[in-house]
Amino acid sequence: MAKRITKAERERIKNILAVLDKEYGTDKKCYLNHESAWQLLIATILSAQCTDARVNIITKDLFCKYPNLESFANAKQEELEQDIKTAGFYKNKAKNIIACSKRLIEVYHGEVPKKLEDLITLAGVGRKTANVIRGNIYDDPSIVVDTHVKRISNKLGFTKEQDPVKIEFELMKILPKDHWILYNIHIIRLGRTICTARSPKCDDCFLKTYCKSSNCK
């Protein structure tokens, strides 16, 4: 937020986070199944314009067929496209996964880097994907702006921006660091179950007293 945050607004934000913590707990649960940093990276690349549930179905077999970065780096693009076809945008995702795997091996010796500036040099990796890795793998405070965070943060009056990068920086100013990744986890759950994009259940929402959406008035 460009304006200075008042004491009352900070108290309101604190209360909203407390309600979210009470409702959903404080465990930092990642919804994409993975056993390593590189698996989460590939799963997150697949998750663009695709549900986590669908990605988890795909990666269950995918990570068996391709058990390491080398197997992804050496994969035939046409074959990988078919393996991930139900994720959507499969041609571009397959190309990026192969290129990303090759760079991880050649430049980073098979390790997923921690720094954002290194992560975003990987094919298919933008700030959102990079922050997923930083927050979930390295416990490095980061804010992930997906469609749920964008939509609900606007409803809560945390931001008026629509650009994900601008939203990220505004949320960094008003949210305490210990809730940066946790906020994303909570808002994803809220957005999937109650504050859905098409038919929000406003009467059932535990944040309705804080919501600035016209639906809650």
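Reply: The model is predicted. Start with the chain as a whole. Of its 217 residues, 47% count as buried. Its secondary structure comes to 11 helices and 0 strands. The radius of gyration is 18 Å, close to the 17 Å of the globule rule, so the chain is as compact as a globular protein of that length. There are 38 positive and 27 negative side chains. The centres of these two sets lie 6 Å apart.

Now the salt bridges. A search of the whole structure gives 7.

Take D52 and R192. Their closest N and O atoms are 2.6 Å apart. D52 sits in helix α3 and R192 in helix α11, so the bridge joins distant parts of the chain, 140 residues apart. D52 is buried because its relative accessibility is 15%, under the 20% cut-off. R192, at 39%, is partly exposed.

K28 and D139 form another bridge, with N to O at 3.3 Å. Both partners lie in loops: K28 between α1 and α2, D139 between α8 and α9. They are 111 residues apart. K28 is partly exposed at 43% relative accessibility. D139 is exposed at 52%.

K91 pairs with E81, the closest N and O atoms being 3.5 Å apart. Here K91 belongs to helix α6 and E81 to helix α5, 10 residues apart. E81 is buried, with a relative accessible area of 8%.

Finally, K65, E79 and D83 are linked in a network of salt bridges.

Key
Residues are numbered from 1 along each chain as its sequence is written. This is a predicted model: local features need pLDDT of at least 70, side-chain atom pairs count only at pLDDT 80 or more; totals for chains, interfaces and linings use all residues. Side-chain values use heavy atoms; hydrogens and water are left out. Helices (H or I, at least four residues) and strands (E, at least two) are DSSP runs, numbered from the N terminus. The radius of gyration is taken over C-alpha atoms; the globule rule is 2.2 Å times the number of residues to the power 0.38. Buried means under 20% relative accessible area, exposed over 50%, partly exposed in between (1.4 Å probe, protein chains only). Lys and Arg count as positive and Asp and Glu as negative; His and the chain ends are not counted. The place of a charge is taken as NZ of Lys, CZ of Arg, CG of Asp or CD of Glu. A salt bridge is a side-chain nitrogen of Lys or Arg within 4 Å of a carboxyl oxygen of Asp or Glu.
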